[in-house]
Amino acid sequence: MKRKLIAAIGIAGMMVSIAACGGDSDDDGKKAGADGYAGETLTVWVMDGSSPDDWQADLAKDFEAKTKAKVKFEIQKWNGIQQKLTTALSEENPPDVFEIGNTQTPAYAKTGGLADLSDLKGEIGTDWSESLNKSAVFDGKQYAAPWFVVNRVVVYNKKIWADAGIKELPKTRDEFYNDLKTIGEKTDAEPIYLPGQNWYHFVGLVIGEGGELVKKDGDKYVSNLADPKVAAATETYKKFQALSKAPKDKDEATPQQGEIFAKGKTGSFIGMGWEGATAIATNPAIEKDLGYFTIPGPTADKPEGVFLGGSNLAVAAGSKKQDLAKEFLKLALSDKYEGGLAKANGVIPNKEALQSNLKGNAAAEAAAPAAGTGDTTPLIPEWAAVENDPNPIKTYLTAVMKGKSPADAAKQVEGEFNKRLAQQQ
């Protein structure tokens, strides 16, 4: 599930207004009385498609039974949500609880828009997966709760792999590469569809190498694309991309790689589980040949690094119902509802123990093994501007795919990369 980072421009103006409306009012943090929270209504913003209607209905019923308060779910669209949420958090009555993209969390935490949930973490989050919880922490404090993530897998055509004589799925990166070469040698199919700018997969490779896309230079962040670990990830990407006929200057959505795969002439691609569904919608006949497996890493005991895109749940610093909001989070993040969401939507839950709910969902089962060691783009507010088009990382990748060395490509985009990192937040 692709998440755009928050546009940080304009958020800094939130700080004064948020501070003015949060924390000191006599009505803030209202405690439950003898009748619980009877008469109260909690406003919860969730994004379109994140949680099924019946999940919301059951949760609302249990929430009212537990607290005597009602919950009002308000469904939001991703398009324009950053500005809408920024505005709402600066007003007197913001949403009490809201879904927030995991990589968006640091920017809102920095500006004071999120309530500190450290006490909640100690109460219900001791077994949250570290890789998922990382994005919910800023400056050592818990400003959100991890809800779910998704990550990329290998989507493959079973018939093409069988026609190439491949009997077992690869367990290492080298085995994966050799299988793709075999497909190219023994069939007429394109072994893998990998455009030059599938940059989220590239981020995963950098994660797998233990690299970082940015580094600290004094009191500011600057590009780290010239780092040897990033270069190694780039060389891996280039090696696999050389087996593809995909354009070197396009990403996975231009055109949609699921639609390319649907034609039945491609052995594999690296993408999200829902892209398999795109292929089926384009050509229902492909469904019988479609399969998924975890992206293999350098060794069989650890999958390839992956980018974890997903959502956290946060409480507005300006909410007058923070205690009630925390009661909601305790229920929404309970094993019953966290596990239920994983089962219904095929998303990776915030506890490894709940991954059993993914059984029977082939794409989710393939994604889960890599989630524990996956990571995100840099969790700094300064990162926000980097992803704006034209994304300098895409420019960097295309330059390497077309023949430049990683070092020269890094120099080519360094100025623009650093300019974006230096933008006022």
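Modeller: Let us begin with helix α17, residues 406-421, which bends by about 45° at Val-413. Helices are DSSP runs of H or I with at least four residues, strands are runs of E with at least two, and both are numbered from the N terminus.

Biologist: What makes the value at Val-413 a bend?

Modeller: The bend at a residue is the angle between axes fitted to the seven residues ending there and the seven starting there. At Val-413 that angle is about 45°. Val-413 is also one of the buried residues of α17, among them Ala-409, Phe-417 and Leu-421; buried means under 20% relative accessible area, exposed over 50%, and partly exposed in between, with a 1.4 Å probe and protein chains only. The buried residues of α17 pack against β8 (214-217), β9 (220-223), α10 (228-241) and α16 (392-401), where contact means heavy atoms within 4.5 Å.

Biologist: How do you know how far the model may be trusted?

Modeller: This is a predicted model, in which local features need pLDDT of at least 70 and side-chain atom pairs count only at pLDDT 80 or more, while totals for chains, interfaces and linings use all residues. Residues are numbered from 1 along each chain as its sequence is written, and side-chain values use heavy atoms, with hydrogens and water left out. The pLDDT is the predictor's confidence in each residue, from 0 to 100. The protein chain has a mean pLDDT of 92, and 92% of its residues reach 70 or more. Over residues 1-29, however, the pLDDT is below 50, although this stretch has 73 contacts in the model beyond near neighbours in sequence.

Biologist: Why are β2 and β13 called edge strands?

Modeller: Two strands pair if DSSP finds at least two bridges between them. The open sheet has 6 strands in the order β2-β1-β3-β12-β6-β13, with mixed pairing. β2 (70-76) and β13 (348-349) each have a single partner strand, so one side of each is left without a neighbour in the sheet.

Biologist: What makes β1 and β2 a pair?

Modeller: Strand β1 (residues 41-47) is joined to β2 by 7 bridges, and the two run parallel; the definition asks for at least two. Within this pair, Leu-42 stands opposite Val-71 of β2.

Biologist: Why is Glu-40 called buried?

Modeller: Glu-40 has 16% relative accessibility and therefore counts as buried. Lys-321, with a relative accessible area of 24%, is partly exposed.

Biologist: What makes Lys-77 and Asp-48 a salt bridge?

Modeller: The closest N and O atoms of Lys-77 and Asp-48 are 2.8 Å apart, and the pair qualifies. Lys-77 lies in the loop between β2 and α3 and Asp-48 in the loop between β1 and α2 (53-67), so parts 29 residues apart in sequence are tied together. Lys-77 is exposed at a relative accessible area of 54%, whereas Asp-48 counts as partly exposed at 42%.

Key. Salt bridge = Lys/Arg side-chain N within 4 Å of Asp/Glu carboxyl O.
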